[in-house]
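Please open the structure in your viewer and keep the selection panel at hand. We will take the tour one stop at a time.

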Amino acid sequence: MPIALYTIKDSSVSGVFVIFICSVWPMLINTAHGVASVRRDWLNVARTLEVKPLRRAFLVILPAAAPTILTGMRISMGIAWLVIVAAENAGRWHGHRVFRLERSGTISTSRT
């Protein structure tokens with residue numbers, strides 16, 4: 001997060017960048033694992049039936065890898081929620097407005 005803040009110089013953009021970088025890897029790794037673990041028998045049947053590569057990807061590989069892809073997406077969402085908290089805190093330290101509800105019912109703003 002500090003490196004992103006230093007290079008991008010905008011706390012909201014660097015927060016989105018850090019959230020993306022942290023949450024994309026579990027999804028990519030699980031997708032690669034799911035595609036690599038497709039049963040060879042299914043691929044051989046598709047090859048025997050002379051299924052074209054794009055059709056094979058949508059009818060054989062994607063359905064077989066879908067559980068691991070969805071698991072990766074679920075893990076990525078959990079990591080993204082954790083990183084959002086860190087990004088919000090870092091954004092507050094770098095000039096975001098903080099809204100406070102006073103006892104009188106008014107809302108005051110201040111920069112931190």
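Contact here means heavy atoms within 4.5 Å. This is a predicted model, where local features need pLDDT of at least 70, side-chain atom pairs count only at pLDDT 80 or more, and totals for chains, interfaces and linings use all residues. Residues are numbered from 1 along each chain as its sequence is written, and side-chain values use heavy atoms, with hydrogens and water left out.

Start with a cartoon view of the whole protein. You will find four helices and two strands, taken as DSSP runs numbered from the N terminus (helices H or I, at least four residues; strands E, at least two). Along the sequence they follow the order α-α-α-α-β-β.

Next, select asparagine 30, which sits in helix α2. Is asparagine 30 buried or exposed? It counts as buried, because its relative accessibility is 18%; the cut-offs are under 20% for buried, over 50% for exposed and partly exposed in between (1.4 Å probe, protein chains only). Now show what asparagine 30 touches: Thr68, Thr71, Gly72 and Ile75, leaving out residues up to four places away in sequence.

Now select Ala4, Val18, Ile19, Ala80, Val83 and Ala87, the six residues of the largest nonpolar core. Such a core is a set of buried Ala, Val, Leu, Ile, Met, Phe, Trp, Tyr and Cys residues joined through side-chain atoms within 4.5 Å. Helices α2 (11-36) and α4 (53-93) each give two or more residues to this core, and α4 gives the most, with three.

Finally, centre on isoleucine 19: neighbours within four places in sequence aside, isoleucine 19 is in contact with Ala80, Val83, Ile84 and Ala87.
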